[in-house]
Amino acid sequence: MKEFIIKRTLHILPVLLGLSILIFALSRIMPGDSIRLKLGPEATQEQIEAMEEQLGLNDPLPVQYVNYMKGLFQGDMGMSLQTNRNVAADIFETFPATFELILISMAISILIGVPLGVISAVRKDKWEDHTTRVVALSGIALPKFWVAIMLQIVFAYWFSLLPVVGRGEVVPTTITGLRLLDSVLTLNFDAFITSFKHIILPSIALSIATTAQIMRLTRSNMLVQLNKDYILAARSYGLPRGMIIYKYMLKNAFASTLTIIGLSFGALLGNAFLVEAVFGWPGMAQYGVQGVIYKDYNAIVGVTLVIGVAFAVANLIVDVLYGILDPRIKYDS
């Protein structure tokens, strides 16, 4: 297992290197003048050239990349044109909000998608199956921003049950940056309730499509397991139906579902900007969008690299979990 993890980690490095080269080049050739946007329309040519010299933008592109990578290995992601701070500090400040939102969204997707997928499979062609399939197709087809706006209208404006924007005014003592966890660790239950109310709507809006994908994949995998010989043998032994479904069938079917869960975790980091924009969620995704709008080179590269690392780590964890769920998988093969 250790050898497998080391090999997979080493395979990740070339991918991240290629990603850094690609996004660095794209951020530099994007249309627009970021320096003029930063200094304003009244800036003189001398001021623009001075800032370009300060940021090293006058150097050839390969030289800029090498200098950036040298700083990156020292924890320096460059200065953000939006905040005049190091991008690493900005990401360190905004990432916990997005990460907490992703965690809650994934929890919702798994806790709802897997059971509904199982029900749809065991009740194939019954009304439960038809209903869950309609729900799954709707979840995939509906745009996230539209779902987010509808949730705001229904639960915030019509019924006034939940807040509309932000993470809440009651802030617990920061330990991890994850407010729900920090609230529990510091026993600040007012902060926990406030943070929980604020995260409900954005996490539901973000989890809709992922829930639908998990639901559909679980259903299809469960239907495949229904026709296997070991299910027939288990029934002939008189094992309880619930044990057959949830102990044996679901375990074998869930190995494939892990793939979409791992990919979705990374994808949610990249897709969270729509939900964060609608709900005013102060996360890394929204910070990255602002970086694109203002052509903030370093912010774009920094956010993209973090998302790339998240993709790689999520897939590494999924590969390891495959061996736990399916002992037939040999990592040395």
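1. Let's start with salt bridges, since the term comes up a lot: I count one when a side-chain nitrogen of Lys or Arg sits within 4 Å of a carboxyl oxygen of Asp or Glu. By that rule R133 and D129 pair up through their side chains, at 3.6 Å from N to O. Both belong to helix α6 (residues 127–141) and sit 4 residues apart, about one turn of the helix. Helices here are DSSP runs of H or I with at least four residues, strands are E runs of at least two, and numbering goes from the N terminus.

2. Before going further, the caveats. This is a predicted model, where local features need pLDDT of at least 70, side-chain atom pairs count only at pLDDT 80 or more, and totals for chains, interfaces and linings use all residues. Residues are numbered from 1 along each chain as its sequence is written, and side-chain values use heavy atoms, with hydrogens and water left out.

3. How many salt bridges does the structure hold? The total is 7. As background, side chains of opposite charge can pair when their charged atoms come close. One of the bridges joins D125 and K124, with the closest N and O atoms 3.1 Å apart. D125 is partly exposed at 47% relative accessibility, and K124 is partly exposed too, at 39%.

4. There is also a salt-bridge network, linking R85, D90 and E93. Within it, the closest N and O atoms of E93 and R85 are 3.2 Å apart. E93 counts as exposed at 53% relative accessibility, whereas R85 is partly exposed at 33%.

5. Two elements, α7 (144–158) and α11 (241–279), each give two or more residues to the patch. The largest share, 3 residues, comes from α7. On the α11 side, L274 sits in that helix and is partly exposed at 33% relative accessibility.

6. The areas come from the Shrake-Rupley method with a 1.4 Å probe, and for residues only the protein chains shown count as cover.

7. Helix α7 also packs with α9 (residues 189–226): their axes come within 9 Å and cross at roughly 145 degrees. Those axes are lines fitted to C-alpha atoms, for helices over the stretch in contact, with angles from 0 to 180 degrees between N-to-C directions. The crossing is right-handed. Which residues meet there? From α7 they are K144, V147, A148, L151 and F155, and from α9 they are L201, I204, A205, L206, I208 and A209.

8. Two backbone spots to check by eye. S160, in the loop between α7 and α8 (179–185), has a positive phi of about 50 degrees although it is not a glycine. L187, in the loop between α8 and α9, is also a non-glycine with positive phi, at about 60 degrees. S160 is exposed, with 57% relative accessible area, and L187 is exposed at 60%.

9. Finally, the overall picture. The protein has 13 helices and 0 strands, and its C-alpha atoms fill a box of roughly 85 × 55 × 40 Å along the principal axes. Of its 333 residues, 42% count as buried. The accessible surface comes to about 17900 Å², with 67% of that belonging to carbon and sulfur atoms. Among contacts (heavy atoms within 4.5 Å) between residues at least 6 apart in sequence, 71% join residues at least 24 apart.

Key. Buried < 20%, exposed > 50% of the residue type's maximum accessible area, 1.4 Å probe, protein only. Left-handed = near helix turned anticlockwise from the far one by under 90°.
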